[in-house]
Amino acid sequence: MNSQPVAAPVSSGRETSVLIDAGSLTRCRHRLYLDTAYSSLQRREPENPGVRQRREGAQAHRENIREMFAGDLAGWVEIDAPDARTASERTLAACRRGAPWIWNAVLPAERGTGRRGRSEMLMLDPAGSGYIPIIVVNHKVTDPGRGAVTTPFGAWSPAVDESRKVRSQLRDQLRLAHLYRMLQFEGLASETVVGGAIGYRGDCILVHDLKAVFSEYDSRFADRLAIARGESYTVPSQVSECRSCSWWTDCQPQLAANRDVSLVASGMRAEVLRRSGVFTIDELAEWSGPEPEDWPFGSFDDAVAAATAWRADVPLLRRTENISVHRADVEVDVDMESYQEHGAYLWGTLLTEAGGPPAKYRGFVTWDPLPTVDEGRSFAEFWGWLMDTRADAAARGKTFAAYCYSRQAEDKWLLDSARRFGDVPGVPTEAEIREFIDSEQWVDIYQAVSDQFICPNGKGLKKIAPVAGFHWRDDEAGGEASMGWYRDAVGYDAQPDLSQRQRLLVYNEDDVQATKVLREWMSDRAEIDIPTMASLRVG
């Protein structure tokens with residue numbers, strides 16, 4: 001990775017009061033405009049609960065990493081200052097002294113270029129002069145595999161890792177490029193053009209080659225700075241970020257009034273459609289001819305069908321005449337609740353048997369704050385109960401199936417729990433988990449919905465289950481809200497709130513009930529309630 005420094009673009013020399021950080025490079029362009037043009041209004045908006053939870057989680061993770069490093073590294077310097085300007089002055093002073101490790105580094109605001117930024121750590125390059133930026137993030141930066149370049153803590157020795165592969169996180173690479181450019185501006189950048197990221201597990205430093213991302217970074221930075229300065233025009237467009245954005249209540253009515261195409265084909269798909277001259281849902285519904293050459297992902301025909309359904313005010317469309325769902329004599333609906341990357345604290349189940357008693361909910365839970373070894377105990381109890389139920393059905397000559405909605409999360413925590421708690425009595429091996437989840441007895445209703453319906457308003461359980469007639473008892477029920485309930489339930493910030501524990505159990509029970517109602521509706525009434533694309537066109 002050693003190479004000559006990559007030159008930074010020359011500044012225009014224009015002084016500006018507008019400064020942007022690396023976070024602006026991956027956020028919505030229109031949001032950046034609103035945040036800068038109407039910042040006084042934004043400050044009066046309450047913080048989104050989900051955003052607050054992620055911010056607090058990231059802060060706690062950074063503190064854990066700081067405590068781990070501070071006691072082990074010689075020459076450790078921490079920047080503590082009452083304001084950004086003083087912090088940047090102290091950071092520069094530490095750099096000029098050649099401090100080997102600088103924590104909570106704040107680089108001077110660049111009025112000419114428009115940059116501002118801070119790095120959890122700056123490390124003096126052992127191979128020469130200059131500093132390498134290292135960031136601490138509260139998400140995974142690697143996955144099991146091989147090919148990532150990592151280095152252990154305390155000894156900078158980047159090498160190909162035989163046990164880890166890179167998990168793509170463009171936001172991390174762009175932030176490191178941003179910090180490297182700021183170090184360049186001060187004449188403090190290492191000639192080794194790399195940056196480091198410490199992820200959620202905090203077990204190594206992932207080393208990024210920044211040369212590979214500078215072109216993308218420089219282009220994005222120029223674009224976002226022009227927006228922040230009011231030199232570039234933006235319009236609302238629906239992206240995934242909208243779910244937690246305080247400006248959504250302003251943007252959504254505009255998009256609906258304009259019948260904007262991003263309401264049915266969001267993100268990059270909307271950008272491609274606009275380049276093809278399609279700006280409204282009506283124009284997409286009336287599309288004829290081949291799909292755009294640069295269509296990014298998903299079925300283009302589905303996007304056209306979703307536009308047709310939205311225009312007809314139809315919540316779903318059947319892809320085929322017949323709807324089918326794998327059914328069994330003994331059925332168990334499963335829903336898991338986790339907290340960030342700390343673990344899965346609740347496995348909820350709903351047992352139903354044909355001709356048997358009413359469906360019965362049972363939750364397997366630990367209320368010890370995650371991370372905790374007690375998670376292994378609750379997982380072992382859940383797995384043991386599930387396998388006993390499966391075996392009992394087989395012994396009685398009954399068929400068995402377990403259902404979830406979007407198996408990705410459940411599969412992840414099933415496998416991860418087997419890896420982490422293998423020494424806990426009752427916890428299965430990873431091979432036992434794989435045997436089950438690869439069998440026809442593990443049924444993903446999300447996949448069944450995706451295969452058989454076109455969903456113009458999204459395929460989340462809380463979008464689809466109401467079509468089947470199910471409604472949650474708690475109006476605030478949702479994944480992000482449950483994060484706050486969980487913190488209160490286990491007492492992260494105060495004494496445990498027992499009412500929030502009950503709230504989480506009700507929320508989890510409703511999720512498994514929703515899955516049951518949805519799959520039964522698919523078996524019994526969906527063909528009657530939901531039109532096909534062909535019938536909608538005829539009508």
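Biologist: How far apart are the mean positions of the positive and negative charges?
Modeller: They are 4 Å apart in this predicted model.

Biologist: How much of the protein counts as buried?
Modeller: Of its 539 residues, 50% do.

Biologist: What about the radius of gyration, does it agree or disagree with a compact globule?
Modeller: It agrees, because a compact globule of 539 residues would have a radius of gyration near 24 Å, and the protein has 26 Å. Along its principal axes, the C-alpha trace spans about 80 × 60 × 45 Å.

Biologist: What share of the contacts with a separation of 6 or more joins residues 24 or more positions apart?
Modeller: That share is 67%.

Biologist: Changing topic: how many helices and strands are there?
Modeller: There are 19 helices and 17 strands.

Biologist: Take helix 14. Which of its residues are buried?
Modeller: Helix 14 covers residues 445–452, and the buried ones are Ile-445, Ala-448, Val-449, Ser-450 and Gln-452.

Biologist: What do those buried residues pack against?
Modeller: Among the strands are strand 11 (317–318) and strand 15 (400–404). Strand 16 (442–444) and strand 17 (453–454) are also on the list. The helices are helix 15 (461–464) and helix 17 (498–524).

Biologist: Which side chain reaches a backbone nitrogen at the start of helix 14?
Modeller: That of Asp-444: one of its side-chain oxygens comes to within 3.0 Å of the backbone nitrogen of Tyr-446.

How values were computed:
Residues are numbered from 1 along each chain as its sequence is written. This is a predicted model: local features need pLDDT of at least 70, side-chain atom pairs count only at pLDDT 80 or more; totals for chains, interfaces and linings use all residues. Side-chain values use heavy atoms; hydrogens and water are left out. Buried means under 20% relative accessible area, exposed over 50%, partly exposed in between (1.4 Å probe, protein chains only). Helices (H or I, at least four residues) and strands (E, at least two) are DSSP runs, numbered from the N terminus. Contact means heavy atoms within 4.5 Å. A polar contact is a pair of N or O atoms within 3.5 Å; within protein, one must be able to donate a hydrogen and the other to accept it, and residues adjacent in sequence count only if both atoms are side-chain atoms. The radius of gyration is taken over C-alpha atoms; the globule rule is 2.2 Å times the number of residues to the power 0.38. Lys and Arg count as positive and Asp and Glu as negative; His and the chain ends are not counted. The place of a charge is taken as NZ of Lys, CZ of Arg, CG of Asp or CD of Glu.
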